[in-house]
Amino acid sequence: MPDPVCVRCRGALHTPEVVGEWTCDAHGVVEPLHPALPAEAYHLSDVASSAAVPVWLPWPVPLGWTVSGVRRTTGTGPSRAVAVGLLGPGVTARQAELVIVAEEPGVGLGASYAGIGTTDPGPEVASLPSDTKVTADGRPTALWSLPVSDRAAYVGEASGLWLWVVAWPVTEWMVVHDDLRLVDVRAPENRLHLAELPVGPLSPRLAG
Ligand SMILES: [Zn+2]
């Protein structure tokens with residue numbers, strides 16, 4: 001198993017001298033990020049069993065899309081950030097990619113996929129009207145668009161945690177809308193969907 005990397009910059013980490021304290025030269029103590037795993041049911045199930053945050057899966061999976069990987073941070077306790085990747089036919093691009101992240105504030109996995117330099121969205125986000133919404137665990141969840149140019153990045157809050165949804169290329173922003181229904185794989189009734197998942201090759205953005 002390759003060594004975990006910095007959740008914020010993907011740089012190398014120093015092995016903890018204090019238990020659980022992985023450090024990055026640029027970012028100090030960070031959550032260690034493990035390599036992306038293929039979206040096989042047993043990987044998703046395993047990640048769901050050890051996550052402190054939802055493992056969001058669009059269900060139903062949008063037509064023509066495949067689930068293409070799962071990635072988590074794990075230090076000494078349960079995962080504080082989990083990302084699920086999907087690949088699908090774009091409306092404008094031949095291939096579109098989607099990464100959905102659930103995380104505790106201060107971790108920075110979602111921000112790293114969104115391409116912003118902080119761990120969390122700035123307070124200015126919530127002072128503006130939301131740009132779109134998705135349905136998370138049956139609840140309409142407002143999302144705010146982030147000012148990045150090469151991808152479409154959105155963030156909102158679901159169950160007291162950040163929900164990030166990032167799409168590539170930027171012209172595929174329309175995949176994020178209120179018919180995108182996210183279910184948490186941790187719930188036993190949602191585990192049943194894993195047997196029916198369309199599984200695709202590992203998503204390069206998720207793995208990067
Ligand atoms: Zn770093």
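## A buried tryptophan

Trp164 has 25 C-beta neighbours inside 10 Å and therefore counts as buried, a term that applies when 20 or more other C-beta atoms lie within 10 Å of a residue's own, whereas 12 or fewer make a residue exposed and counts in between make it partly exposed, with C-beta atoms placed from the backbone. The model is a predicted one, in which local features need pLDDT of at least 70 and side-chain atom pairs count only at pLDDT 80 or more, while totals for chains, interfaces and linings use all residues. Residues are numbered from 1 along each chain as its sequence is written.

Trp164 belongs to strand S12, which covers residues 161-168; strands here are DSSP runs of E with at least two residues, helices are runs of H or I with at least four, and both are numbered from the N terminus. Leaving aside neighbours within four places in sequence, Trp164 is in contact with Val101, Gly110, Tyr113, Ala114 and Val155, where contact requires C-beta atoms, placed from the backbone, to lie within 7 Å. Val101 is 63 residues from Trp164 in sequence, yet their C-alpha atoms are 5.0 Å apart.

## Strand S12 and its partners

Seven of the eight residues of S12 are buried, so this strand is largely enclosed by the rest of the structure. Strand S8 (residues 96-103) runs antiparallel to S12 and is joined to it by seven bridges, with Leu98 standing opposite Ala167 of S12; two strands are taken to pair if DSSP finds at least two bridges between them.

Strand S11 (residues 152-158) is also antiparallel to S12 and joined to it by seven bridges, and in this pairing Gly156 has Leu163 as its bridge partner. S11 and S12 form a hairpin with two residues between the strands, where Ser159 takes a positive phi near 55°. S11 pairs as well with strand S10 (residues 139-145), in the antiparallel sense and over two bridges, and here the partner of Trp144 is Val155.

## The nine-stranded sheet

These strands belong to an open sheet of nine strands with mixed pairing, in the order S5-S13-S9-S10-S11-S12-S8-S7-S6. Strand S5 (56-58) and S6 stand at the edges with a single partner strand each, so one side of each is left without a neighbour in the sheet. The twist averages 30° from one strand to the next, the angles being taken between N-to-C directions on a scale from 0 to 180 degrees, with axes as lines fitted to C-alpha atoms, for helices over the stretch in contact.

Although S6 (residues 66-72) is an edge strand, it is mostly covered, since six of its seven residues are buried. S6 pairs with strand S7 (residues 81-88) in the antiparallel sense over five bridges, and Val67 stands opposite Leu86 in S7.

The buried residues of helix H1 are Leu44, Val47 and Ala48. They cover an arc of only 100° around the axis, which puts them on the same side of H1; the arc is that of the directions from the helix axis to the C-beta atoms. Among the elements covering these buried residues are S6 and S7.

Pro38 lies in the loop between strand S4 (32-33) and H1 (41-49). With 17 C-beta neighbours inside 10 Å, Pro38 counts as partly exposed. Not counting residues up to four places away in sequence, Pro38 touches His43, Gly69 and Leu202.

## Core and overall dimensions

The largest nonpolar core has 59 residues, of which Val55, Val165 and Val176 touch the most other members; such a core is a set of buried Ala, Val, Leu, Ile, Met, Phe, Trp, Tyr and Cys residues joined through C-beta atoms within 7 Å. S12 gives the most to this core, with seven residues. Beyond residues up to four places away in sequence, Val176 touches Thr132, Val134, Leu143, Ala152, Tyr154, Val165 and Ala167.

The protein chain has four helices and 13 strands. Its radius of gyration is 16 Å, close to the 17 Å given by the globule rule for 208 residues, so the chain is as compact as a globular protein of that length; the radius is taken over C-alpha atoms, and the rule is 2.2 Å times the number of residues to the power 0.38. Buried residues make up 41% of the 208 residues, and among contacts between residues at least 6 apart in sequence, 59% join residues at least 24 apart.

Methods. Contact = placed C-beta atoms within 7 Å.
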